[in-house]
Amino acid sequence: MKLTHFLLTTPITFLDDKTCVLQVESQKLFLQFVENLHERSDGETGDGFQIYDGCNDYEFSKDVIVLSDIFHLCEFNKKLNIKLQKNILQLFAKDIEAQKLFLQLSQQLIALVNSTTDKIDVPTEMSMDIQFQDFIKLLNISFANIENSTLGKLVDFINIISEFNLCKVLVLINIKCYFSDVQLEELFLHCKYKKIELLLLEHFNDVRTLKTEKRTIIDCDLCEIAL
């Protein structure tokens, strides 16, 4: 799988044993790359980043997630929770016993409400059709935040997008300054295990080059240096 851009001489090629790092020294170019990544992941078309594997062209907005701020993952909560609820509904649709049990419980719930409204000396009416999807929304089911550490929350996020196949490529922006070499190696390995291609887009001049990363530097003269 490769990620291309018309300003890149050499496409970014994702490898099984390496994590790709693109370090951009020019502030103007770095901003242009970040803006274009977000535009493409939000569904905008046009020139800029493209992803393909030689055989298939991927839909950028569906196959790539871009994270500029790993400390606030809440912008993805709604998308993830909607995906979770859809998954629960799919499981429910395949479980005949669960459907029978829900029908019994919903009838009991309607009878309970009726017995209560009967005590009110005014006419009332209500819907007698309780749908499982409405019940799921009422319960406000969402993913639980178990981890407290920033790395732990990020790993949980990766687990979720892998479980529900929400993307093939995850782009993290300027994260190397937050984590140690050991933590980065752990993150790289976990993404490989979950079959998520990881790209780090960095602007800061981090001299560290880990054994498991493939780094491309674009200097201020727009020369590409592969490390």
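Cys177 counts as partly exposed, at 47% relative accessibility; the term covers values between buried (under 20% relative accessible area) and exposed (over 50%), with a 1.4 Å probe and protein chains only. The model is predicted, so local features need pLDDT of at least 70 and side-chain atom pairs count only at pLDDT 80 or more, while totals for chains, interfaces and linings use all residues. Residues are numbered from 1 along each chain as its sequence is written, and side-chain values use heavy atoms, leaving out hydrogens and water.

A disulfide is taken as a pair of cysteine sulfur atoms within 2.5 Å, and the count by this rule is zero. The sulfur of Cys177 is too far for a bond because the closest cysteine sulfur, in Cys191, is 17 Å away. Cys223 is likewise in no disulfide, with the nearest cysteine sulfur, that of Cys220, 10 Å away.

What of the charged side chains? Six salt bridges are present in the structure, each defined by a side-chain nitrogen of Lys or Arg within 4 Å of a carboxyl oxygen of Asp or Glu. One of them joins Lys168 to Asp63, with the closest N and O atoms 3.4 Å apart. Lys168 sits in the loop between helix H6 (150-163) and strand E6 (169-173), and Asp63 in helix H2 (residues 60-63), so this pair ties together parts 105 residues apart in sequence; helices (H or I, at least four residues) and strands (E, at least two) are DSSP runs, numbered from the N terminus. Asp63 is buried, at 10% relative accessible area, whereas Lys168 is partly exposed, at 29%.

Arg215 and Glu213 also form a salt bridge (3.4 Å, N to O), and both residues are buried. Through shared partners, salt bridges link Lys176, Glu213 and Arg215 into one network.
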